[in-house]
Amino acid sequence: MGYTRADWSNHYAAGKGFRRLGDKEKDLLAEHAPAPAGGRALDAGCGTGELAVLLASLGYAVDAVDFAEGALERARAEHAAVGGVRWLCLDLERDDPAPLHEDGYDLVTLRLMYPFLARRMSVVHALGERLRPGGALVVITPVVEHTPEERRGIALDEDEIGLLTEGWETVERLEADQLAVLVLRGPCHTGTRAVERQRPPAGPAATAALAVVTDEAGRVLLGRSRRGMWELPGGKNVGPESFEAAAVRELAEETGLAAEVENAYVVTMLADAAGDVPRLTAVVRITTWSGTLTNPEVDTFDRWEFVDLHVLSCIGAVFVPAAQALDAVWPGVVPNLPPVVSYPLAVDQPPVPGEPAEAVRLRQAMAKTVIDGSWAPSEPVRDALRTVPRHRFAPEVRLTDAYDGGDRAVITRRDGTGATISSVSAAWLQADMIETLCLKPGAIVFEAGSGGYNAELIAHVAGPDGRVVTVDIDPWVVRRTRRFLTETGSGRVSIVEADAALGAPARLVPRGGFDASMITYNCWDIAPAWREQLAEGGRLVLPLEIGGYTRAIAFERRGQVLYARHFTYCGFVRDQGQQARTIPVVSLLKGGLTLRFEHGTAAETAGLEEALRGPRHEIATGVTMRAGAFFGSLQLYAATTVPSFCRLAAHQDPDQGVTGIAKDRDVPAVLGDASLAYLTCIQTKDGKRREDKEWEWVVHAFGEQGPQLAEQLAVTVRAWDRHVRADDNSKHADPVLTVHPAGTPGHLLPAGDVLDKKHCRLVIRWPGRHAPLPHPVGRPGAGMVTE
């Protein structure tokens, strides 16, 4: 068990081996892990390759992995004639797993190597995540009852086997020549449970310190105790000992690691009770340590290991104070905790470095994806993407999820209904919005809606003399952001708990206003404070809802007017606080349909249900599109130019309703007196190839005024097709948009369609829209302001 990587390599290079693969093992693998068509297997700890060759003979394409080059040299030489095997030199505990196949494996084997893993929990979890649906993890291991006492270190007892198998959907335990053969299937997601030790006797309040320590890869140190739970290093104070000193002492006594008291910081005090005994726990963050991890207290702990943070949500039983301490340092990594009173302390803790090589590689790949998509043309933004550790602001997810370079956001908080209320946005969108801020070195920037990562990107772009003030209304988000910024931040971001619609506290607003401001949640309206706290000529970027369609719009302030300079199609979490707004909704036909009045005022719908039960009128627009065409500009065009605009949503299958709208989809619509028209698309051409398919925009209408409403929508589509649409999806024309304070008289507004909100008036002028479209039918809505 004391062999190093070099020792193992020398062991095999000297011609020594390990226990040979038995016939019973071969039979069990053939029976319980047959290769599917195109099956791929990973043999972890392959040694000289005997098992890898067997798997190849069963029909698998095999990745045979070992960290001992001496073993692999022999494997390549002894099995040179065997095809279908890749021999990879890789330490699964420490190395970047980039050489492994991204599309996963049908079978992963760990033969006679699991007890040698120092980080068993993280390695097995990572291997389990690489299994394809229906795949199996097979662990072949000696067990204590059949192993001589002097060699028990390479065997597993029943407690360890129970821990290994916990959480898998199916577990088969087989036996081969006194070896346990464990066949594990299904996602391994053991729910983390915060548990207490045995009930303590009644007595005075107990005080203790828990040490939170991470390694060079950012993994946290946990011990598997003889009580059957995971714990942090720590224990009670001795005499007048400080909490910092107690944490350092306990760390040395329990793990053999050494730290100085000056590198220990009490970041939070936790108050709860164990039975009838009040309990006060100091959470001590240790930023620097030395030594080799050992297990001096073998009667108390089975072992210590450094665990990946995203694994903390599925490791089984965790001692309650330890789970709460982990949550104090990384809020959100341990779910469903019992209540505790937390007293975070404002301490000057330095940032704590540490990340795996895989994070560096994935960050560079994410940055390349964003850059190749032309979302980050400037070098400061590119450098920020390559440098700021995104995964440290989303520690509860896998690295591959944190560094997804596509459209995926990382959800970090949901409300009671399951709706997302906080997230780390898609990297391309963050880059695009920061680019449109046009930041200069030393810029001071306001951010509404926190999380930490976006603020750090902005701070990196603004440079050493720059500063970011980020505000959020959610205390949990603020606590989380503050901790993450402390752990890894630049020190140039200030976090404030407040309603961001009110702007930044006056003491943090620079003289002359912020150089730029970014809002990171969907806004139905533009808060006056965002304009008032912005410097003349400064940029405000926010996701603005117009007719329910969201665009990240970059505005430039000129006096009291905001001028739109850039539009990006996007979506964010909804606003909260003073700006939170409930969209008026009217249900029709017993909930089968819903009308949403996104502009804020519900219109009269009397007689509409009767009209919907009548005949349906149809107009083909003659405007077609092929697969992959972007029509978001059509939605926005209709929302800003059609009077009485609303959105019609269907909540039943098309063949069960009257509209033909797909279930849970919505379409642009216009409302008249007991009449309705809506826009949809119908497939007109099919084909085997995607590019052969075609759809046409068609208007359906109901009610007496239906034909006129339908013609109004059809004319709108044709105007969009002539003046706004482009063959290149990125070349659609944007409108000229200005934002004026609420109450601005109409005669002072420029020409265009006017959309009124509570705090502002939007004036939109689309290309080619020189005169009003056909006279609106029914009640008036947004209209042209004539010059």
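Let's start at L439: setting aside neighbours within four places in sequence, L439 is in contact with I434, V445, I458, V461 and A516. This residue belongs to the largest nonpolar core, a group of 78 residues, where L439 is joined by V220, L222, L232, L312, W330 and L385 as the members that touch the most others. Apart from this core lies another, made of 60 residues, including A501, V623, L709 and L755.

Keep in mind that you are looking at a predicted model. The chain has a mean pLDDT of 92, and 96% of its residues reach 70 or more. Residues 771-787 are a stretch to treat with care: here the pLDDT is below 50, although the model gives the stretch 37 contacts beyond near neighbours in sequence. Where pLDDT is low, predicted coordinates should not be read in detail.

Next, find helix 9 (residues 357-372) and helix 10 (residues 379-387), whose axes come within 8 Å and cross at roughly 150°. Angles over 145 degrees count as roughly antiparallel, and so that is how helix 9 and helix 10 lie to each other. On the helix 9 side, R363, Q364, M366, A367, V370 and I371 take part, and they meet R382, L385, R386 and T387 of helix 10. Sorted by class, this contact has 5 nonpolar, 2 polar and 3 charged residues.

Our last stop is T605, in the loop between strand 28 (593-596) and helix 16 (608-612). Is T605 buried or exposed? Its relative accessible area is 19%, and because buried means under 20%, T605 counts as buried. Leaving out neighbours within four places in sequence, T605 is in contact with V586, L595, F597 and L671.

Definitions and conventions
Residues are numbered from 1 along each chain as its sequence is written. This is a predicted model: local features need pLDDT of at least 70, side-chain atom pairs count only at pLDDT 80 or more; totals for chains, interfaces and linings use all residues. Side-chain values use heavy atoms; hydrogens and water are left out. A nonpolar core is a set of buried Ala, Val, Leu, Ile, Met, Phe, Trp, Tyr and Cys residues joined through side-chain atoms within 4.5 Å. Buried means under 20% relative accessible area, exposed over 50%, partly exposed in between (1.4 Å probe, protein chains only). Contact means heavy atoms within 4.5 Å. pLDDT is the predictor's confidence in each residue, from 0 to 100. Axes are lines fitted to C-alpha atoms, for helices over the stretch in contact, and angles run from 0 to 180 degrees between N-to-C directions. Helices (H or I, at least four residues) and strands (E, at least two) are DSSP runs, numbered from the N terminus. Angles under 35 degrees count as roughly parallel, over 145 as roughly antiparallel, 65 to 115 as roughly perpendicular and the rest as oblique. Ala, Val, Leu, Ile, Met, Phe, Trp, Tyr, Cys and Pro count as nonpolar, Asp, Glu, Lys and Arg as charged, and the others, Gly among them, as polar.
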